[in-house]
Each structure stands twice: as C-alpha cells, then as structure tokens.
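Here's a quick briefing on the model below. Have the viewer open while you go through it.

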Amino acid sequence: MRVPLFIRCCLACLGFLAAAASLGAAGLPGAPGVIVLKPDQEAVALDARALVWVEPGRSLKVEDVEAQAARLPWSVQRNGEQHDLDGRTLWIRFEAEVHDANSWYFVVGSSGIDRVEFFHRNAAGAWVRQEAGDHRPVSQWPVPGHSPTFELVHPSTQPITYWGRIEHDRVDFAAGLSLYSQAHLLGKREREHFLLGAYFGVAVLLALVSLANAVVFRDRNFATYALYLILFTLGQAAYIGVGAQYLWDDWTTWNALSTFLLPGLSAVAALWFVQVVTEPARFSRLLDRMVWTLMLATLLAVLVDVWLPSRTLFGVRLLLTSAAVALIAVLIGLVWIKGNDPGIRLIALGFVPVLLMSLFPLARGLGLIPNGVLTRYGLAIGAALEMPILFHALSLRSRRRREAQLRASALPHTDALTGLADRATLLQRMEAAAARGRSQKHSFALLLVKLANHDAIASEFGRETLDRALVVAASHLRRAATDIDLAARVGEHEFALLLEGPTGTEAATGRAQQIVASGLRPAPALPGSLTLRLQVVMALLPDTQPNAVAALEWALEGLAAVRPDSRKQIRPLNF
C-alpha cells in the first residue's frame with residue numbers, strides 16, 4: 001500500500017521533533033540521563049552519570065563549549081579515571097534536577113587543585129559562575145572548605161545543565177566527583193574536622209614538648225624529631241587543604257607552593273631523623289654516605305622543583321622520595337635485626353605505620369592509583385599511630401642517657417647503690433610528719449624492712465649477687481610506696497618506708513604484707529632459685545619518742561631483735 005506524500009512528511013516531522021525532544025532532555029547523544037536528587041538521598045557519585053572532555057588547550061569559554069558540545073568527543077566519567085591536564089582543561093557536563101528544599105552540592109574530592117570553575121544558566125539565561133582552587137583564597141570560595149564545593153540550584157522544576165572546568169598541572173587529575181546533600185556534607189565535614197583537629201592538636205603538643213626536651217636536656221634526638229614533626233605536620237596541613245583553609249588563607253602564592261614544598265621537606269626531615277637515631281655509620285660507612293647523599297639530592301630536587309616547576313622534575317622528586325622511604329625501611333630493619341637497644345626497636349616499630357601509609361600518596365603522585373581515602377588521609381592515619389610510639393621511645397632513650405647524671409646529682413641525699421633516700425633525708429621527713437601529726441592529731445607509720453637472708457646470699461652467690469638483691473629489695477619498697485611516701489636505706493641490709501598522712505594499723509599491715517610477698521617472687525636480676533626473705537617491723541608515730549632520731553633508733557632495735565629464721569615475718573612494735 002502506497003503512503004501519501006503528505007502523511008510521510010508529517011511522520012518525518014514528528015520523528016524530528018521526537019529526536020529534538022530527546023536531545024533536549026539528554027543534552028547530547030549517548031549522554032547519561034538527568035540526575036534527580038530527592039530528600040531521601042545523601043550522596044550521588046558522578047561516575048557514569050556525567051560527561052567529560054579534555055580540551056587540548058585552555059582558550060575555550062563555557063559558552064564556546066556549550067555551542068560546540070554536539071561536535072566534541074565527550075566520554076562518560078569512569079571511576080578512577082586519570083587525566084593528564086598539563087596545559088589542558090578538563091570539562092565536565094551533567095544535568096541535575098533538585099527535588100529538595102535543602103541545598104545540594106557538587107564536590108571535587110581532592111585538595112590542592114589549581115583551579116575549578118562551575119557554571120550554569122539562571123532563569124534569565126545568563127551564566128552563573130563559581131570558582132575555587134589554589135589560585136583563590138579559601139575564604140572567597142563559594143563554599144569554604146578543604147576541597148572545592150559548589151551549590152546547585154534548588155529546588156528546580158526542570159533539569160539544569162551544569163558545566164565544570166578544571167585546570168591542574170604536574171599531577172594527573174583523578175579526584176572523585178560527587179553530589180552531596182546539605183545534611184550529609186555537613187556531617188561529613190564535622191567528622192573530618194573533629195578527627196583532623198585531634199590529630200593536629202596532638203602533633204602540635206608533641207612538637208612543643210619535643211622542642212622543650214631538646215633545649216632543656218640538650219638532646220639531639222628530640223631536636224631532630226621536633227623538626228621532623230613540625231615539617232611533617234605542616235606538610236599534611238598543606239596536602240589535606242587545612243593549611244589553605246585556616247593558616248595561610250590569603251597567601252595564594254604560598255598556598256600553591258606549599259602543596260609541593262612542605263611534603264618534600266618532611267621527607268628530607270624524616271630521613272635525617274632516622275639517620276640520627278639509627279646511626280648507620282655503626283654498621284657501614286657506605287650506608288651512612290648513601291643516607292647523606294640521598295638526603296641532599298632530595299632536598300635539591302625539592303628546591304629546584306619549586307623554582308622551576310615541571311612534571312619531569314616532580315617525577316624525579318617522587319622517585320627520590322620513594323628511594324628515601326625504601327632506605328628508611330632498610331635502616332629500621334637493620335637496627336631491628338642488629339640493634340640491642342629496646343628503645344631503637346620501639347622507634348623502628350613506630351615508623352612502620354607511616355612507611356606503609358606513605359606508599360599510597362607516592363603511588364598516587366606517580367599516577368599508579370586514583371584519589372581515595374588512603375591517598376588523602378593515609379599519612380595522617382599512619383602519623384597518628386606513629387607519634388605516641390616515637391615520643392615514648394625517645395623519652396625512654398633520653399631517660400637512660402640521663403640516668404647517670406641524675407644519680408650523680410642526687411648522691412648528696414640518696415644511697416649510691418639503691419638510689420633510695422638516705423638516713424638524713426628520712427629523719428627530716430619524719431620530723432615534718434611528726435609535727436603535722438601532733439598538730440592535726442593523727443598518726444603516720446614507719447615500716448623497717450630487713451633482708452633476713454643477707455648473709456646466706458653473700459656466702460652462696462657472692463657480693464655481686466648480694467648487691468643485686470639489695471637493689472631488687474629497694475625496688476619492692478618503691479612499688480609499695482605512694483607519691484607522698486618515702487623509701488630509704490638506713491643500714492647495710494635495712495630499709496625504711498615512711499607512710500605519711502593519716503595511717504592506721506590496717507593500712508600499715510597491708511603495706512607490710514605487700515613487701516613480704518613481693519620478696520618471695522622470683523626476680524629476673526637474681527638467680528632462679530633465689531628469693532628475698534624480707535622481715536618487717538611496724539610502728540605508729542608520733543609516739544613517746546622525743547624526736548625522729550630516737551624513734552628511728554628504737555625501731556631499728558626492734559628490727560634487730562627479730563631472729564633471721566623467725567617464722568613471723570611481720571611484727572608491730574607499739575600496737
């Protein structure tokens with residue numbers, strides 16, 4: 001049957017109109033559909049929901065791209081897709097319709113982007129432009145934060161076409177593109193600010209304490225650790241975007257430089273800190289020279305890269321940083337295997353989280369993986385685990401190195417062997433405690449302790465083991481003492497424990513039982529078969545004794561009257 005020409009023309013017109021309507025709804029042939037945003041949604045990823053095109057240059061304006069859109073080679077945005085934007089521009093296009101009275105936002109999931117522009121036409125057809133990025137102070141962004149964020153039109157009764165324009169040199173662009181509801185975005189940012197505030201607060205506190213320790217104790221380890229911690233923390237502030245938001249908002253030139261400069265300097269400081277604490281020259285002079293050479297080469301590469309920025313120099317710098325990470329791993333592995341200092345092994349253990357987490361931003365910088373949580377926050381997570389371990393390890397090493405100096409300065413009022421207070425110090429404290437007891441009408445306790453098997457230890461194991469036994473006995477008294485109590489050595493094998501404050505018979509007896517029981521436990525510093533037979537006499541003071549000297553002598557006489565082989569280990573003198 002032959003169709004009349006008029007009907008064929010009508011059908012052709014209807015087909016054209018239908019195609020035009022389809023093009024108007026979808027925007028471009030093969031484009032994803034309109035994104036409808038409703039109140040029950042929280043976030044929508046733009047993977048497979050937006051079109052992207054890389055402009056070979058940077059000359060086109062948004063109206064030019066809109067006019068040529070049908071002829072441009074658009075592709076659908078894919079998850080993890082990376083774009084080389086050196087001298088180029090990434091254009092993004094999507095259509096959205098907001099069926100929500102609250103705001104929705106377009107978020108670029110990365111900080112340190114050179115420039116991000118966001119466009120749409122208003123109801124009058126005029127272009128509305130928003131801009132964010134390193135070339136603009138964060139306080140002037142449409143939505144200030146540590147990543148570019150732009151508000152969508154809300155509510156909208158028809159689809160609106162949005163255009164994004166991104167410039168980013170030297171590093172492939174691979175940030176996630178998402179739409180967030182207002183409630184979800186605010187909740188996400190509050191959690192981030194809480195965790196980042198805790199991290200940076202701890203980092204600043206430890207850096208200040210490390211600087212104080214370096215100055216007060218003239219400790220080189222703490223000085224290099226403080227420098228490393230300061231540069232590392234500033235590098236993280238620059239990398240995450242917190243620095244641009246809170247510290248150097250108006251310094252746009254520094255903001256652009258800091259993202260590349262500070263992380264590089266922190267890598268050099270980390271290598272120097274590890275070199276100082278591990279002392280590789282002890283194992284190999286060649287290894288020590290390699291550390292210094294790599295340190296200087298990395299520093300030079302960082303400075304040249306800042307002065308003459310290019311993708312090639314940045315790649316060289318990343319390779320040197322990767323070599324520094326590998327060398328740090330070798331150094332801490334070496335001291336773990338060959339070192340005999342528990343403190344240095346603890347330092348090696350502390351570096352493990354940062355070494356592992358540093359692989360993610362390095363791989364991101366080399367273009368091996370796209371942006372993600374670990375590429376952005378991995379180093380901060382590793383540092384949060386590392387900082388307390390390193391600080392504790394350095395404190396232990398510093399305390400051991402100062403121990404001889406501290407004991408020498410305490411010699412005028414302590415026992416040289418055990419480190420306990422001497423008799424004169426004990427008498428002074430007893431006089432003060434007696435005065436307080438009489439005025440406040442309460443008693444305090446004096447416990448005298450004797451190493452009953454003193455002679456047996458000397459005859460069977462020798463003088464060295466006897467000295468060790470006395471030191472172990474002194475440690476038992478220290479553990480039994482509280483902050484206001486005083487442990488002292490008052491004879492060759494006699495000790496005293498002064499329990500200040502209101503003390504009754506039950507408290508004194510309980511402390512005596514603790515001392516006796518601790519002596520019966522094996523001690524690592526003594527032969528396995530040796531235990532300490534500790535005998536205790538107790539007195540509640542002030543008593544009828546006229547002064548502290550008389551009270552101490554009276555208590556010592558009572559202790560001497562206890563036979564070494566007596567089955568009763570604890571005896572009260574006046575209760």
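Is Arg170 buried or exposed? Arg170 counts as buried, at 12% relative accessibility (buried means under 20% relative accessible area, exposed over 50% and partly exposed in between, using a 1.4 Å probe and protein chains only). A bit of housekeeping: this is a predicted model, where local features need pLDDT of at least 70 and side-chain atom pairs count only at pLDDT 80 or more, while totals for chains, interfaces and linings use all residues. Residues are numbered from 1 along each chain as its sequence is written, and side-chain values use heavy atoms, with hydrogens and water left out.

- Arg170 is found in the loop between β10 and β11 (177-181); helices (H or I, at least four residues) and strands (E, at least two) are DSSP runs numbered from the N terminus.
- Its backbone is worth a look too: Arg170 has a positive phi of about 80 degrees, although it is not a glycine.
- The charged end of Arg170 sits over the ring of Phe260, 3.9 Å from the ring centre (a charge sits over a ring if NZ of Lys or CZ of Arg is within 6 Å of the ring centre and within 35 degrees of the ring normal).
- Arg345 does likewise with Trp336, its charged end sitting over the ring at 5.5 Å from the centre.

**Aromatic pairs**

- Searching the whole structure turns up 20 aromatic pairs (rings of Phe, Tyr and Trp, the last by its six-membered ring, pair if their centres lie within 6.5 Å; planes under 30 degrees apart count as stacked, over 60 as edge-to-face and the rest as tilted).
- One of them is Trp248 with Trp254, an edge-to-face pair at 6.0 Å centre to centre and 80 degrees between the planes.
- Trp248 counts as buried at 6% relative accessibility, whereas Trp254 is partly exposed at 28%.
- Phe94, Phe106, Phe118, Phe150 and Tyr162 make up one aromatic cluster.

**Nonpolar cores**

- As background, nonpolar side chains tend to be buried together in soluble globular proteins.
- Here the largest nonpolar core has 58 residues, and those with the most contacts inside it are Tyr225, Tyr228, Leu271, Phe273, Ile328, Ile347 and Phe351 (a core is a set of buried Ala, Val, Leu, Ile, Met, Phe, Trp, Tyr and Cys residues joined through side-chain atoms within 4.5 Å).
- Helices that each supply at least two residues of this core include α3 (182-217), α6 (252-278) and α10 (373-410).
- A second, separate core has 34 residues, including Phe94, Val116, Ile166 and Trp248.
- Leaving out residues up to four places away in sequence, Phe351 touches Tyr228, Phe273, Val274, Ile328, Ile332, Glu386 and Leu390 (contact means heavy atoms within 4.5 Å).

**The five-stranded sheet**

- An open sheet of five strands runs in the order β13-β14-β12-β15-β16, with mixed pairing (two strands pair if DSSP finds at least two bridges between them).
- Its edge strands are β13 (486-489) and β16 (570-572), each pairing on one side only.
- From one strand to the next, the twist averages 20 degrees.
- Helix α14 (residues 505-520) packs on the sheet, touching β12, β14, β15 and β16, and its direction makes about 165 degrees with that of β15 (axes are lines fitted to C-alpha atoms, for helices over the stretch in contact, and angles run from 0 to 180 degrees between N-to-C directions).
- Strand β12 (residues 444-451) is mostly covered, with eight of its eight residues buried.
- Phe444, Leu446, Leu448 and Lys450 point one way from β12, and Ala445, Leu447, Val449 and Leu451 point the other way.
- β12 runs antiparallel to β15 (residues 534-541), joined by eight bridges, and Phe444 has Leu541 as its bridge partner there.
- β12 also pairs with β14 (residues 494-499) in the antiparallel sense over six bridges, with Lys450 partnered by Glu494.

- Ala48 has a positive phi near 65 degrees and is partly exposed, with a relative accessible area of 47%.
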